[in-house]
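Dear colleague,

Please read the notes with the coordinates open.

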Amino acid sequence: MSRSERLLDLIQILRRHRRPVSGRTLADEMGVSIRTLYRDIATLQGQGAPIEGEAGLGYVLKPGFMLPPLMFTDEEIEAIVLGSRWVAKQPDRRLAAAATDALAKIAAVLPDDLREDLDATTLLVGPRSESVEAVDLGVVRQAIRDERKLGFLYRDAEGAASERLVWPFALSFFDKARVMVAWCEMRQDFRHFRADRMSELTATDIRYPRRRQAMLKEWRATFDAPGRTIAKGAPG
């Protein structure tokens, strides 16, 4: 590995860590000595990278630092194309269009040889499912971003209908269904709602009283909680 490649790898590793990480941890992850790691940190700082910290305290890359996406490995290109193509075939039209646009923006700044690799990748995505969803998933995603309550009519697997007011905080994409994860005011618990069973979706301006990240963390914790096997996967 060249030194320039090692410096880029160090930037990528620091990007993955939101909190200060020790020099020893960084050196072990990169497979270099601690002295080499300290020299690389000093080199990046000298070139303007906003890396804060010092030996014994750890290092963190300040948010907002960007490198132009000019270097990708073959597998990184395959991951970008495959992921974008999968999203582009989802029934969420706005998200599908965004995936196509994002891939075009990435291609526009790549060198010619990498752009050719992007166009020539042979990883394909199969046809999307034909499940019919009467609700706009863009509204659901906006409510999650804004931490706003959603109202809708929900029909369970037996066809029984009920009106719901929920606190949405996640949206799962499966091959044959899209599933919203939310706190349900009627059930007073976490519930999963298939988008193809939702109708009469109503976005509200009511902010729910929890942070979505806190609810996501609590919901994930239920997967390990005793006695929660049924509730964790409970549908609406």
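The largest share of the negative surface patch, four residues, comes from helix α4. The patch as a whole is formed by Glu5, Asp9, Asp74, Glu75, Glu76, Glu78, Glu116, Asp117 and Asp119, and the elements that contribute two or more residues to it are α1 (3-16), α4 (74-88) and α6 (112-120). Patches are made of residues with over 30% relative accessible area and no salt bridge, like charges being joined within 9 Å and nonpolar side chains (Val, Leu, Ile, Met, Phe, Trp, Tyr) within 5 Å. Helices (H or I, at least four residues) and strands (E, at least two) are DSSP runs, numbered from the N terminus.

This is a predicted model, in which local features need pLDDT of at least 70 and side-chain atom pairs count only at pLDDT 80 or more, while totals for chains, interfaces and linings use all residues. Residues are numbered from 1 along each chain as its sequence is written, and side-chain values use heavy atoms, with hydrogens and water left out.

Strand β1 (residues 51-54) pairs with β2 in the antiparallel sense over four bridges, where pairing requires that DSSP finds at least two bridges between the strands. Within this hairpin, which has three residues between the strands, Gly56 takes a positive phi near 90°, and Val60 in β2 is the bridge partner of Glu52. From strand β2 (residues 58-61), Gly58 and Val60 point one way and Tyr59 and Leu61 the other, and all are buried (buried is under 20% relative accessible area, exposed over 50%, partly exposed in between, with a 1.4 Å probe and protein chains only).

The salt bridges (a side-chain nitrogen of Lys or Arg within 4 Å of a carboxyl oxygen of Asp or Glu) come to a count of 14. In one of them the side chains of Glu52 and Lys62 meet at 3.9 Å, N to O, and this pair links distant parts of the chain, with Glu52 in strand β1 and Lys62 ten residues apart from it in the loop between β2 and α4. Glu52 is partly exposed at 42% relative accessibility, and Lys62 is partly exposed at 40%. A network of salt bridges links Glu147, Arg207, Arg211 and Arg212; Glu147 lies in the loop between α7 (137-146) and β3 (148-155), is buried at 2% relative accessibility, and has a positive phi near 55° although it is a residue other than glycine.

With best regards

How values were computed:
Accessible areas come from the Shrake-Rupley method with a 1.4 Å probe; for residues, only the protein chains shown count as cover. Lys and Arg count as positive and Asp and Glu as negative; His and the chain ends are not counted. The place of a charge is taken as NZ of Lys, CZ of Arg, CG of Asp or CD of Glu.
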